[in-house]
Amino acid sequence: MSLIIQGGRIIDPVNGRDREGDLLIEKGRIVKVGKTLSGDRRIDAKGLWVVPGLIDMHVHLREPGYEYKETIETGCRAAAAGGFTAVACMPNTNPVNDNGAVTDFILTRARSAAVSVHPVGAITRGSGGEGLAEIGEMAEAGVVALSDDGRPVRNGQLMRRGMEYAGTFGLPVISHAEDLDLCAGGVMHEGVVSTRLGLRGIPSVAEESMVERDILLAELTGAALHVAHVSARGTVMRIREAKARGLSVTAEVTPHHLTLSHEALLEYDTNLKVNPPLRTEEDRQALIAGLADGTIDAVASDHAPHNIAEKEVEFDQAAFGMVGLETSLPLLLQLVHEGRLTPVQLVERMSVAPARILRIKGGALSEGEAADVTLIDPDLSFTVDAARFYSRSFNTPFLGRELKGKAVYTLLRGKPVYRDPVMKDRK
Ligand SMILES: [Zn+2]
């Protein structure tokens, strides 16, 4: 049985394609990309974008240990609904993914999941910052990167050793850059809004100084450094300088840092409490500019599910983080509608770059490769609705928000893993 995706706008930067055409899929692989192809079954893609499956390189699937927030199964269903065909999951589970057995567990559970799962292993044991994790064991089991995400590696010497080990196994190191002493228990960006609300602030320098340290360590060790969730203008500047010096440094930004600033916190919504915090409008503009000019390589959701009890408390007490898998693409499409990002750039930042940084398959619609494909309706308006979420949690400030554009059909190895109801009307 062959399947043809017909008449869509094929956006495939790796193969230099951005034009209308057909995609022929057989036995889970892309066999041909061209015009007026025929197949046994067809999907009418007129007016839709046909792009390589999106890849979210920074999510928290919460399993093992926090299944009440999310599981590998529910997180992956949310990913598919968001247009993703692959995710990289951070190691801050319970137990922490710091050895081969936990990596094995995740990959075994992921076998029946809707999308591909790529585990990230911890740098230090239990992400506790004292002593390296079982890096060799995890590399063998299949981690794609190393990170203590959720917390920084405070000890510079340990970070240096981690980078050296990572290099031996060809793994990038993902830096959660945060100087905890400078953060000093802050709960939001340090600025005029934190002063007004009387909340403790986290200064931008807490991020920038740690990014600078890690850039210097990457230079020293030759490691591939990836900076997670960039939030500050100064960080964008430092990454731009590092790239200009020819260092192997990449970076990601979240959809919420691209679309919200600390002013939003005047509403006191604990769903806006994220780490790193939402910063100023000036920072936000710098992030968009950095994403457009390629200083920031990728968009990643930092999907961080929490249940209601962890969010419906005082701002100081609330957990950090918001879910993002099901709103990430729509939020980025708003930037496309505003003319800040081209469709090709969106595909590069949400599919091509994550595949390149993590050195995994995907990011292209090449003949012979697995048919991981996402169909996007850039103009379909919808309201973000918790009742329609596949994720087990719905801690997001975007509930009720009207957005334009979303994924309508997601295929993993040629099989549909998500189909929006609007696709029923297409024959
Ligand atoms: Zn982080």
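Keep in mind that the model is predicted.

I'll start with β1, which spans residues 2–12. Of its eleven residues, nine are buried, so by the cut-off of under 20% relative accessible area the strand is mostly covered.

Which strands does β1 pair with, and in what sense? Take β2 to begin with, residues 17–26. Its pairing with β1 is antiparallel and runs over nine bridges. If you want a place to look, find isoleucine 10, whose bridge partner in β2 is arginine 19. β1 and β2 form a hairpin with four residues between the strands. Within that hairpin, glycine 16 has a positive phi, near 65°.

Next is β4, residues 41–44. Here the pairing with β1 is parallel, and there are four bridges.

Is serine 391 buried or exposed? Its relative accessibility is 8%, and because buried means under 20%, serine 391 counts as buried. Its side chain has a polar contact with the side chain of glutamate 70, at 2.7 Å. Setting aside residues up to four places away in sequence, serine 391 touches Glu70 again, along with Thr74, Ala78, His303, Val323 and Glu326.

Histidine 226, by contrast in setting, is in a strand: β13, residues 225–227. With a relative accessible area of 0%, histidine 226 is under the 20% limit and is therefore buried. What does the side chain of histidine 226 make a polar contact with? The partner is the side chain of glutamate 252, and the distance is 2.9 Å. Beyond four places in sequence, the contacts of histidine 226 are Met57, Val173, Ile174, Ser175, Thr250, Ala251, Glu252 and Ile357.

Histidine 226 is a buried strand residue with a side-chain polar contact to glutamate 252.

Technical notes. Residues numbered from 1 in each chain as written. Predicted model: local features only at pLDDT ≥ 70, side-chain atom pairs only at ≥ 80, totals over all residues. Heavy atoms only, no water. Buried < 20%, exposed > 50% of the residue type's maximum accessible area, 1.4 Å probe, protein only. Polar contact = N/O pair within 3.5 Å; in protein donor to acceptor, adjacent residues only side chain to side chain. Contact = heavy atoms within 4.5 Å. Helix = DSSP H or I, 4+ residues; strand = E, 2+ residues; numbered from the N terminus. Pairing = 2+ DSSP bridges.
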